[in-house]
Amino acid sequence: MVVSGTHASGKTTLIDDFVDAHPGIGRWGDPYELVDDAFDAPDAAAFAEQLALSAHRLLHDDESGTVIAERGPIDFLAYLAALVELGRAAAGSLDRARARTAEAMQRVDLLVVLPLPFRDDLPVAADEDPELRAAMNDALLDLVDDPALVGDARVVEVSGDRDARLAALESAVASLLT
């Protein structure tokens, strides 16, 4: 399963809570942590590298059992689309990124999306690029509605406070097992 959302949307907290309640679940951290020389200013090359890393681990996973991943390739496709929308990147790289995303998402059974609420209660500093955050959120919500990208994955939008989000994730996982 993959938990997706823009930066500062609550992904890590939700995954922490879920893994604490299910110690047998494997966990893959944010691909950002795997990028050499983590970038200060996000750009198309950094997001493309993270997309490639997240796709690779989905396509070449040797772990048995259930794994919850913080972000999947669809997150980084959304960041790339947001950069294009904001005029910060050229659209040329989107076709290849889209194809790679669709291929990797075939391995995902559950895609949990954390959309930003209309009234966003999570404070974000100016250096967190609120414009990119909002544009990525919008792009992600468009992309998860595309069956060519998400394949057979069940897509569940999770919102509310911390407890409500965890309960919604628990319910979504339980429904996969029945």
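## Aromatic cluster

F76 and Y79 sit 3 residues apart in helix α3, about one helical turn. Helices (H or I, at least four residues) and strands (E, at least two) are DSSP runs, numbered from the N terminus. This is a predicted model, in which local features need pLDDT of at least 70, side-chain atom pairs count only at pLDDT 80 or more, and totals for chains, interfaces and linings use all residues. Residues are numbered from 1 along each chain as its sequence is written, and side-chain values use heavy atoms, leaving out hydrogens and water.

Rings of Phe, Tyr and Trp (its six-membered ring) pair if their centres lie within 6.5 Å; planes under 30 degrees apart count as stacked, over 60 as edge-to-face and the rest as tilted. The count by this rule is 2 aromatic pairs. F47 and Y79 are stacked, at 4.4 Å centre to centre and 5° between the planes. F47 belongs to helix α2 (residues 44-59) and Y79 to helix α3 (residues 73-85), so this pair ties together parts 32 residues apart in sequence. The F76 and Y79 rings also pair: their centres are 6.5 Å apart and their planes at 25°, so they are stacked.

Burial here means under 20% relative accessible area, exposed means over 50%, and partly exposed lies in between (1.4 Å probe, protein chains only). F76 is buried at 0%. Y79 is buried at 2%. F47 is buried too.

## Salt bridges

A salt bridge is a side-chain nitrogen of Lys or Arg within 4 Å of a carboxyl oxygen of Asp or Glu. The count comes to 8. R27 bridges D16, with the closest N and O atoms 2.6 Å apart. The pair links strand β2 (residues 26-28) to helix α1 (residues 11-21), 11 residues apart. R27 is partly exposed at 33%. D16 is partly exposed at 29%.

E70 also bridges R27, at 3.9 Å between the closest N and O atoms. E70 lies in strand β3 (residues 67-70) and R27 in strand β2, so the bridge ties together parts 43 residues apart in sequence. Shared partners join D16, R27 and E70 into one network. E70 is buried, at 5% relative accessibility.

D17 and R162 meet in another salt bridge (2.7 Å, N to O). D17 is in helix α1 and R162 in helix α7 (residues 162-177), 145 residues apart. D17 is buried at 13%, whereas R162 is exposed at 51%.
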